[in-house]
Amino acid sequence: MERIKKIVDFYVTGFRELPGWGRALWAIILIKLFIMFVVLRLFFFPDQLQTNYKTDEERANHVIENITKP
Amino acid sequence: MLENIDFTLVNWSRGQFALTAMFHWIFVPLTLGLSYIMAYMETMYVKTGDPEWKRITKFWMKLFGINFAIGVATGIILEFEFGTNWSNYSWFVGDIFGAPLAIEGIMAFFLESTFIAVMFFGWDKVSKRFHLTATWLTAIGASLSAIWILVANAWMQNPVGTFFNPETARNEMINFWDVFLSETAVNKFVHTITSGFVLASIFVIGVSSWFLIKKRELLLAKRSIVIASVFGLISSFVLIGTGDSSAKEIVKTQPMKLAAMEALYEGQTNAPLVAFGILSGKENHKNVDADSQADFLFKIEIPSMLSWLAYGDTDNFVAGIKDLIMGNEEQGILSYEEKIKRGYEAQQALLALKKVQKNNPESPEAEALKAKFRDPDFIENNVKYFGYGNFYDPDPEVLKKNAFKMVPPISMTFYAFHIMVILGGLFLLLFAVFLYLVMKDQLHNKKWLLWAGVWTIPLAYIASQAGWIVAEVGRQPWVIQDLMPTMKAVTHIDVGSVMTTFILFSVTFIGLFIAEIRIMIKQIKVGPQKKEDINNV
């Protein structure tokens, strides 16, 4: 328990003592992750095979149809 | 029947992937190389106890942090694109790609994020040796996490150690070590990470040169230049060595790429290497036919050098673009027409299997077709050329024309290769000169050279991106060599949505890039911490 507390304190103090440029970087990281995982992933990047086909067999058949068409 | 393919969609999807991968690759090489440079600097601090080494380490660590923060997770977008834009490809590669990427994700998360936190937060909280260990582990962890994506990429260039399962239409790994230790994977990994080491060395030399020009932080600049020059020199020699072994491997696995790199249309013994050349605008290198010839406005050749580079023997025959397309019986080269027919046969067998399985999955006919895909002769003579079947046409004239379409963009591959090699030579010279002059304590007087050091930074990025273009554009039309052409890897989605995300990415990436440059320049101008602040820590 003591060890976990030490680790948590280590991170908390580290983030608290971040210099200005470090805070700017964290802001950029968080905005970037939001754009990537919330905006892009949800609205623009669905997994096509998972979304459009129910079983692996259907997915395989769809891919075979595509890759064997000259 | 290639006219049925929506090349607008294929090209936008390729453009989107290229944009994402190239943007991601702006950050990776500096992270890979700078991590080792600062780990060495910190080792000097721990060994000598000299606080100046601590200042130096902390300064470069700050720039490392900026680069890492802006670049981190930009590679994840590539994984989104696999599922949306390249679903046929994602399915076809199966676990070959999934497993390495999963290992990479886990390793990167645990190794890098844990030890990077110790590196930045732990200066006055953990012992010197523990901190140094964390810095080294960050560097090693970054290189290790790069292994997996590069192994996956190497498999696409040279698919070995796998079996194509006709029932699932997926490639399955049968020998991990064949995949992991293939000649292509080893060359690719060492060549790629050492290119990152060279880029980082140039970055350190460039920034240090700026300090010398401004007559600031002279000790930091000189010490940094010594370390970066030595690191850059060693890395350059490894880079040249793996470049040489890559050429020897590419001539076996991707001979068309090698021919395109040299714009070699007609194969020859004692093949010369074009050291420098400008292709003529008259020759349309996009539409190759049986009469096409390499047409140079100007070139300087090194006699027999290409044969020597490819085979270690000046007398050997190096196949040209036309030999590879039309075949060369004397040299035992199969024509593309023949490969297309063989690949088509494999595809027809797969279709036949699916058809009989629809009625009775366990019928003797189905079993016989399944067995075909396990037959070593059928694998060697037909399945190996599976992707060629997509260029099949019943009309022999159209089929012949299709064969000539299976050539990578020659001008782009040729220039990217030569830019990479010429700049690589220039960097080697730069490291040697900087090391010599800084050791003689004469560097700070050579302002023009210092400015050259600063302006070499963008050249290092150009060389790095050019290397990526050689590897990826030079292997077209394949996304997986001989097994899957790029046009078949693409998901049939609305081209408008691909264009929208392309524009979204462009805007986001430009924003991030501007942020990186601004924060980086500002922090370079601020410089390292004051000496008294360091001594207090």
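**Reading salt bridges, pockets, patches and backbone**

A: Let us begin with a pair of charged side chains: B:Lys322 forms a salt bridge with B:Glu266, and their closest N and O atoms are 2.8 Å apart. This pair links distant parts of the chain, for B:Lys322 sits in helix H12 (residues 321-326) of chain B while B:Glu266 sits in the loop between H10 and strand S3 (268-269) of chain B, 56 residues apart. Please keep in mind throughout that this is a predicted model.

Q: Which of the two, B:Lys322 or B:Glu266, is buried and which is partly exposed?

A: B:Lys322 counts as buried because its relative accessibility is 7%, under the 20% limit. B:Glu266 has a relative accessible area of 41% and is therefore partly exposed.

Q: What is the general idea behind such a pair, and how many salt bridges are found over all chains?

A: Side chains of opposite charge can pair when their charged atoms come close. In this structure, a search of the whole finds 17 salt bridges over all chains. One of them joins A:Glu17 and B:Lys125, whose closest N and O atoms are 3.6 Å apart. This pair crosses between chains, running from A:Glu17 in the loop between helix H1 (2-16) and helix H2 (20-43) of chain A to B:Lys125 in the loop between helix H5 (95-121) and helix H6 (128-157) of chain B. A:Glu17 counts as exposed because its relative accessibility is 54%, whereas B:Lys125 is partly exposed at 34%. A:Glu17 and B:Lys125 also belong, with B:Asp124, to a network of salt bridges.

Q: Where do B:Glu52 and B:Arg55 lie?

A: B:Glu52 and B:Arg55 both belong to helix H2 (residues 51-71) of chain B, where they are 3 residues apart, about one turn of the helix. Their side chains meet in a salt bridge with an N to O distance of 3.1 Å. B:Glu52 is buried, with a relative accessible area of 9%, and B:Arg55 is likewise buried, at 4% relative accessibility.

Q: How should I read a pocket, and how many residues line the second largest pocket?

A: Rolling a probe the size of a water molecule over the atoms shows where empty space is left. Here the second largest pocket holds about 1000 Å³ of space, and its lining is made of 45 residues, of which B:Lys252, B:Thr253, B:Lys384, B:Tyr385 and B:Asp482 lie nearest its centre. By kind, the lining divides into 26 nonpolar, 12 polar and 7 charged residues. Several elements of chain B each supply at least two residues of this lining, including strand S1 (162-165), helix H9 (218-253) and helix H13 (336-359).

Q: Which residues form the nonpolar patch on the surface?

A: The patch is formed by B:Phe276, B:Ile278, B:Leu297, B:Phe298, B:Ile300, B:Tyr415, B:Ile419, B:Ile422 and B:Ile462, which together have about 790 Å² of accessible area. Strand S4 (273-279), strand S5 (296-302) and helix H17 (410-439) of chain B each supply at least two of the residues in this patch. As one case to look at, B:Leu297 lies in strand S5 of chain B, and B:Leu297 counts as exposed because its relative accessibility is 63%, over the 50% limit.

Q: What should I look for in the backbone itself?

A: Most residues other than glycine have a negative phi, and most peptide bonds are trans. Against that background, a cis peptide bond joins B:Gln476 and B:Pro477, with omega about 10°. B:Pro477 is placed in the loop between helix H18 (447-473) and S7 of chain B. Strand S7 (residues 478-480) contains B:Trp478, a residue that counts as buried because its relative accessibility is 2%.

Q: Where are B:Ala263 and B:Asn270, and what are their phi values?

A: B:Ala263 lies in the loop between H10 and S3 of chain B, and its phi is near 45°, a positive value in a residue other than glycine. B:Asn270 is found in the loop between S3 and S4 of chain B, and phi of B:Asn270, near 50°, is also positive. B:Ala263 is buried, at 2% relative accessibility, while B:Asn270 is partly exposed, at 33%.

Notes
Residues numbered from 1 in each chain as written. Chains lettered and ligands numbered in written order. Predicted model: local features only at pLDDT ≥ 70, side-chain atom pairs only at ≥ 80, totals over all residues. Heavy atoms only, no water. Patch = residues over 30% accessible without salt bridge, like charges linked within 9 Å, V, L, I, M, F, W, Y side chains within 5 Å. Areas by Shrake-Rupley, 256 points an atom, 1.4 Å probe, with all protein chains shown as cover. Salt bridge = Lys/Arg side-chain N within 4 Å of Asp/Glu carboxyl O. Helix = DSSP H or I, 4+ residues; strand = E, 2+ residues; numbered from the N terminus. Buried < 20%, exposed > 50% of the residue type's maximum accessible area, 1.4 Å probe, protein only. 1 Å grid on protein atoms, 1.4 Å probe; cavity = no way out; pocket = protein on both sides within 12 Å on 5 of 7 lines; lining within 4 Å. Points joined across faces, edges and corners; volume = space filled by probe spheres on them. Nonpolar A, V, L, I, M, F, W, Y, C, P; charged D, E, K, R; others polar.
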